Number of protein chains: 4
Amino acid sequence: MIRKNIGFKEEEVSEYGIKFLKKKQKEYGDTQELGASETIERIFKEHEQMAELLKRQDILVEKIYERFKKDLDVIRVRTGYADKNTRIGLELWNGFIFTNDQQNYITTDEYLTKPVQVATQKVESDIASYRQRKLEREKKNKM
Amino acid sequence: MIRKNIGFKEEEVSEYGIKFLKKKQKEYGDTQELGASETIERIFKEHEQMAELLKRQDILVEKIYERFKKDLDVIRVRTGYADKNTRIGLELWNGFIFTNDQQNYITTDEYLTKPVQVATQKVESDIASYRQRKLEREKKNKM
Amino acid sequence: MIRKNIGFKEEEVSEYGIKFLKKKQKEYGDTQELGASETIERIFKEHEQMAELLKRQDILVEKIYERFKKDLDVIRVRTGYADKNTRIGLELWNGFIFTNDQQNYITTDEYLTKPVQVATQKVESDIASYRQRKLEREKKNKM
Amino acid sequence: MIRKNIGFKEEEVSEYGIKFLKKKQKEYGDTQELGASETIERIFKEHEQMAELLKRQDILVEKIYERFKKDLDVIRVRTGYADKNTRIGLELWNGFIFTNDQQNYITTDEYLTKPVQVATQKVESDIASYRQRKLEREKKNKM
């Protein structure tokens, strides 16, 4: 790198400027202290990078997306399996019904069998009491 | 403002540093050119502001995530159960078919049994009328 | 409202100021033109509102959440049903197996029955060809 | 800058307007007080900048939504199928139970059959070992 004198001679800077420079010298210089000019140059470079980061909305958008990525991936994969497995389940119902030559059929609107009724009530009551416990836990955490 | 000499004497800076400084001098100085030290001080101030803005962006990203967290948690947990339970369902199909020594099998492409057909139609018509009611509710709320 | 003379007498404003004021007068005055002072006051009020909106990150967070709300609601409700229904499905398996006194059981790791195998292959091939068609559609849309 | 009289003569403004103007005069004028017209012009400029920033926020919200759209669409569609197919599954259970005239029923709380128990354990152990492998992969990627 060709270097030449930039002429920071005898210039006067405020106490603020000196303080900021010292802070940055410490921040950048891990092992040995950097010179003033070198530090200023690094500030310049950082300056450009930050200006770029702030100007570009897409970088913020990407930051947000990355923050959600892990959760979204889990959900996407799980819904993929749930989707696929329920399809396979229907295939198996179809094959089973075919094999057993079941012709008879009734919808739940026409007649809801006792077992389906009981199973539904059991699960709904499980979900309701789970919600109750969750609400109480949240209440306790707020106190 | 008390100003004192910061000692930028005879230091050597790269061409990059000179170019950046000149650019900023032009940017800041509307009518008259600013001195090098003054320009550097303004860069320092801008630097602090940008660092603050970037920190604010990170806080924003986290706030957004926190805002969605409750919904995402619910969805993640539910898809976890749906995934798991459909897997168990397939295991039970497999065990049941094995126990009954069912060899016969037909896919829904080859033959769609009447019960699967009727069940599908019933559910599809339920979903269609639910959507209809939802649309009407939304229309009413807009009026 | 007590009104008194604010003393905008004989002041001189730039062309920019006049143009902006005229634009706002038109924007605010639906039926009749507003006076200059009245317009300026409305600009002041809007100014305060906008400053508030920009200052508060939580308003932006809420805007983002609202934008996603409809999709999240749909997903949350659907996963709720999928979760619940698969639980009911397992209950029904349990009741059915109990009723039939099925003792025998084998996992898919030990033995994968032909029907489960065929059903899985059929669904996987359906999903694969759906993806293929989707990719082709996306390619076409990009052209 | 060409300046001409905007005609703010003898107009009447409310106390609110006067108060806001005074506040802004103080805010803008570091050393010397700005004139009313000059202050108003600066408010106008700030106004335009804020309107721009708010418009940018709306664009940002839309960009964020667009970034998530593809994942959300996949999840929405998959949960739609999982929801629908599990409903059809329950319909088929109901029809099957009706056809076989199964009256007997027991919930998993009352009695958990061996097959359901084994199937649940098998799937839970599959999920646990999948998680283990995933954690190890993530650890490796970090190194």
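How many salt bridges are there between chain B and chain A? The count is six, a salt bridge being a side-chain nitrogen of Lys or Arg within 4 Å of a carboxyl oxygen of Asp or Glu.

## Basis

This is a predicted model, in which local features need pLDDT of at least 70 and side-chain atom pairs count only at pLDDT 80 or more, while totals for chains, interfaces and linings use all residues. Residues are numbered from 1 along each chain as its sequence is written, chains are lettered from A in the order in which they are written, and side-chain values use heavy atoms, without hydrogens and water.

## Chain B against chain A

One salt bridge joins the side chains of A:Asp71 and B:Arg76 (3.0 Å, N to O). The contact (heavy atoms within 4.5 Å) takes 71 residues from chain A and 75 residues from chain B. About 7500 Å² is buried between the two chains, with 67% from carbon and sulfur atoms; buried area is the accessible area (1.4 Å probe) lost by two parts on being put together, summed over both.

## Second largest cavity

The second largest cavity has a volume of about 100 Å³. A cavity is a set of points on a 1 Å grid over the protein atoms alone where a 1.4 Å probe fits but cannot get out, and lining residues have an atom within 4 Å of a point; the volume is the space filled by probe spheres set on the points, which are joined across faces, edges and corners.

Its lining consists of Ile64, Phe68 and Leu72 of chains A, B, C and D.

Notes:
On a 1 Å grid over the protein atoms alone, a cavity is a set of points where a 1.4 Å probe fits but cannot get out, and a pocket is an open set with protein on both sides within 12 Å along at least five of seven lines; lining residues have an atom within 4 Å of a point.
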